[in-house]
Amino acid sequence: TYTKSYWRAALFVGLEVAFWTANVVYNNKGDDEDARMRAFGDAHWIEDKYLAKVYEDAVDTGNWNGQPLEVQDGLLVNYDENQRLALLRIQEDLPGYTHILPETKTQQYYEMIYKYLGQFGIGWDDVGTTNPYESNLNAPLTDNIETYRNMRNRSNDYYQTATTMLNLVLLNHLVSAVDAAIAAKQYNNKIDYSFHINKQRWDDAQSPYLYGLTIRW
């Protein structure tokens, strides 16, 4: 490099590689844990169980205008996609329903089934026929809900670490730029400049002078 600070350049390059590598590793860990979390949610949060509750509440409040639906053992059965969508859209009309479960399994879908147990707790397969969180949000978590929560927290932690690594990449760029400027200034200050103007005749005493400039550093 210009300032000959090779060890500094190697240090910044090494940090760059390390931070980018960590960013990729932790993003992949977050993706893997998120996929496991979703699979666990699909296996243990039963939408048919939640929809049975929505249907019963819609009937009780006079908000259901469609054909009667069938509930067996706490699960909504024998319904089609149009009836499913009608139930999901009717959530906003039901008293006590503060959130709307998305029609597709988006990130918000998987977030809601854990964060708002007062409404969605009934959907978990190890919650009984009544939702304890509806009256007490501080009720103990069931094993499946706690497992899901831990998976979700791990996934978020991995993504947060990946973001931190990306911020460190940007910080490394800033520090290396400042360091390069300081090193260049220090290097230039060490250079000893000297200027000397000299003259001499080309051949004999009658010839004109030749002038020259000598610079030493």
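User: Which residues form one aromatic cluster in this predicted model?

Analyst: Trp45, Tyr50, Tyr109, Tyr110 and Phe120 come together as one aromatic cluster, in a model that is predicted. The structure holds eight aromatic pairs.

User: How is a pair of aromatic rings described, and what is the case for Trp45 and Tyr50?

Analyst: In general, a pair of aromatic rings is described by the distance of the centres and the angle of the planes. For Trp45 and Tyr50 the ring centres are 5.6 Å apart and the planes stand at 40 degrees, so this pair is tilted. Trp45 has a relative accessible area of 4% and is buried, and Tyr50, with a relative accessible area of 0%, is buried as well.

User: What is the geometry of the aromatic pair that Trp45 and Tyr109 form?

Analyst: The pair of Trp45 and Tyr109 is edge-to-face, with 5.9 Å from centre to centre and 85 degrees between the planes. Because Trp45 lies in the loop between helix H1 (6-44) and helix H2 (47-60), while Tyr109 belongs to helix H4 (residues 107-115), the pair ties together parts that are 64 residues apart in sequence.

User: Is Tyr109 buried or exposed?

Analyst: Tyr109 is buried, as is Trp45.

User: Leaving aside its neighbours within four places in sequence, which residues is Leu87 in contact with?

Analyst: With those neighbours left aside, Leu87 is in contact with Leu51, Val54, Tyr55, Trp64, Leu69 and Leu76.

User: How much space lies in the largest pocket, and which residues are the closest to its centre?

Analyst: The largest pocket holds about 190 Å³ of space. It is lined by 17 residues, of which Gly96, Leu117, Gly118, Gln119 and Glu134 are the closest to its centre. The elements that give two or more residues to the lining of this pocket are H2 and H5.

User: How do the residues of that lining divide into nonpolar, polar and charged?

Analyst: The lining of the largest pocket comprises seven nonpolar, six polar and four charged residues.

How values were computed: Residues are numbered from 1 along each chain as its sequence is written. This is a predicted model: local features need pLDDT of at least 70, side-chain atom pairs count only at pLDDT 80 or more; totals for chains, interfaces and linings use all residues. Side-chain values use heavy atoms; hydrogens and water are left out. Rings of Phe, Tyr and Trp (its six-membered ring) pair if their centres lie within 6.5 Å; planes under 30 degrees apart count as stacked, over 60 as edge-to-face and the rest as tilted. Buried means under 20% relative accessible area, exposed over 50%, partly exposed in between (1.4 Å probe, protein chains only). Helices (H or I, at least four residues) and strands (E, at least two) are DSSP runs, numbered from the N terminus. Contact means heavy atoms within 4.5 Å. On a 1 Å grid over the protein atoms alone, a cavity is a set of points where a 1.4 Å probe fits but cannot get out, and a pocket is an open set with protein on both sides within 12 Å along at least five of seven lines; lining residues have an atom within 4 Å of a point. Grid points are joined across faces, edges and corners, and a volume is the space filled by probe spheres set on the points. Ala, Val, Leu, Ile, Met, Phe, Trp, Tyr, Cys and Pro count as nonpolar, Asp, Glu, Lys and Arg as charged, and the others, Gly among them, as polar.
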